Structure formats: structure tokens, C-alpha cells
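I'm opening my notebook on a new structure today. I want to see how its pieces pack together, and I'll jot things down as I look them up.

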Amino acid sequence: MSSICRLARAIIFSDAALRIVSECLDTSRMHGVHLRDHLFFAAGAYAAMLKGDEKVGREFLEKMHSAIPAGRRFARCQYNLLCSWNHLLRDDAVGAAAHAERALSHAEAAGEWEEALACYRKGREAQGCLGNRPLSGDRGGP
């Protein structure tokens, strides 16, 4: 079974998913092929945040940001959507809404309309936390 399939099956079991992410990244380093590292970092962030560990999630997001290949709009969308979730875990609705807006922008540019809808919903969720106040600033990182 491929690493991606094993990861997909284990994602509901966060600890197992984190172990598989680690194995995948080890294999990537061993072979010097880093084409999918951003996806592994995304899976690590997802698994950590499912456990409620926003700190480990943020560490994976920082690594994901550095690993995204240039021009990968959908990957940038995924990154910002995960960052939005991470900000919500920290009760930072302003940061969450800012990332949701960026995710929406990347999803639209990539032509990923279903993902754009998910970004819109995440943005509305963050706006609800703000009491529908306008954003007071933009935060760049996770």
C-alpha cells in the first residue's frame, strides 16, 4: 500500500498519521525527492490539529509554507485554509478570517470552486466569531 493511501487511512487516528508523516518525510530525505513534502506537512498539521495541538500544527504549517513549489495555487489555498483553522483553535478570529480570504483567492485563481466554497464557509465562520466586524488587519504567518 502506498504511503499516501496509508496516510489517508490513518488520518482519523492522529498519532498513527503523525508517525506515517514522519516516515514519509524520512523517505523523502533519504531519496532526496521532495516533490510531495508540502502534502505531508499539510497532513501533519491536519493530524495535530485534530488532536487539538495547535502548536505542533503551526510547526507543520511553517514547514509546509516553505515546501510549497512556486505557482501551486491550490497548495497555497490548502495552506491558508489550514492556517485559518489553526487561528480558530487559538481563538484568533481576525487571523482566521484573513487566512480564509487568502485561501479563497487562491482557490478561485486555481479554478477549484468546491475548495473556494469551503474557504468562503471558513471565512464566514471566522466572521461569526468577530460578530461580523470587518477585519482589522492581515497576518502573514500561521
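Before anything else I needed a term: a crossing is left-handed if the near helix is turned anticlockwise from the far one by less than a right angle, and right-handed if clockwise. I also noted that this is a predicted model, where local features need pLDDT of at least 70, side-chain atom pairs count only at pLDDT 80 or more, and totals for chains, interfaces and linings use all residues. Residues are numbered from 1 along each chain as its sequence is written, and side-chain values use heavy atoms, with hydrogens and water left out.

**Entry 1: the overview.** I looked up the elements and got seven helices and zero strands. Helices (H or I, at least four residues) and strands (E, at least two) are DSSP runs, numbered from the N terminus. Read from the N terminus on, the order is α-α-α-α-α-α-α. The chain has 142 residues, and 41% of them count as buried (buried is under 20% relative accessible area, exposed over 50%, partly exposed in between, with a 1.4 Å probe and protein chains only). I checked contacts too, meaning heavy atoms within 4.5 Å. Among those between residues at least 6 apart in sequence, 60% join residues at least 24 apart.

**Entry 2: α3 and α5.** Two packed helices are described by the angle between their axes and the distance between the axes. Axes are lines fitted to C-alpha atoms, for helices over the stretch in contact, and angles run from 0 to 180 degrees between N-to-C directions. I found α3 and α5 at about 20 degrees, with axes 11 Å apart. That makes the two roughly parallel (under 35 degrees; over 145 is roughly antiparallel, 65 to 115 roughly perpendicular and the rest oblique). α3 passes α5 in a left-handed crossing. Residues making this contact include Tyr-46 of α3 and Trp-85 of α5. By class, I have nine nonpolar, three polar and no charged residues here. Ala, Val, Leu, Ile, Met, Phe, Trp, Tyr, Cys and Pro count as nonpolar, Asp, Glu, Lys and Arg as charged, and the others, Gly among them, as polar.

**Entry 3: α4 and its partners.** How do α3 and α4 cross? Their axes come within 8 Å at roughly 165 degrees, so α3 is roughly antiparallel to α4. This crossing is left-handed. Phe-41 is among the α3 residues that meet α4, and Phe-60 is among those on the α4 side. The contact divides into 10 nonpolar, three polar and two charged residues.

Among the residues in contact are Glu-54 of α4 and Tyr-79 of α5. I got seven nonpolar, four polar and three charged residues.

Entry 4: Does the length of α6 fit, or what span should its 18 residues have? At 1.5 Å times one less than the number of residues, residues 93–110 should span 26 Å, and the end C-alpha atoms are 25 Å apart, which agrees. Buried residues of α6 include Val-94 and His-99. Gly-111 follows α6, with a positive phi near 75 degrees.

Last, I looked at Arg-73 in α5. Arg-73 is partly exposed, at 46% relative accessible area. Beyond neighbours within four places in sequence, Arg-73 contacts His-106, Ala-109 and Ala-110. Arg-73 and Ala-109 are 36 residues apart in sequence but 7.0 Å apart in space, C-alpha to C-alpha.
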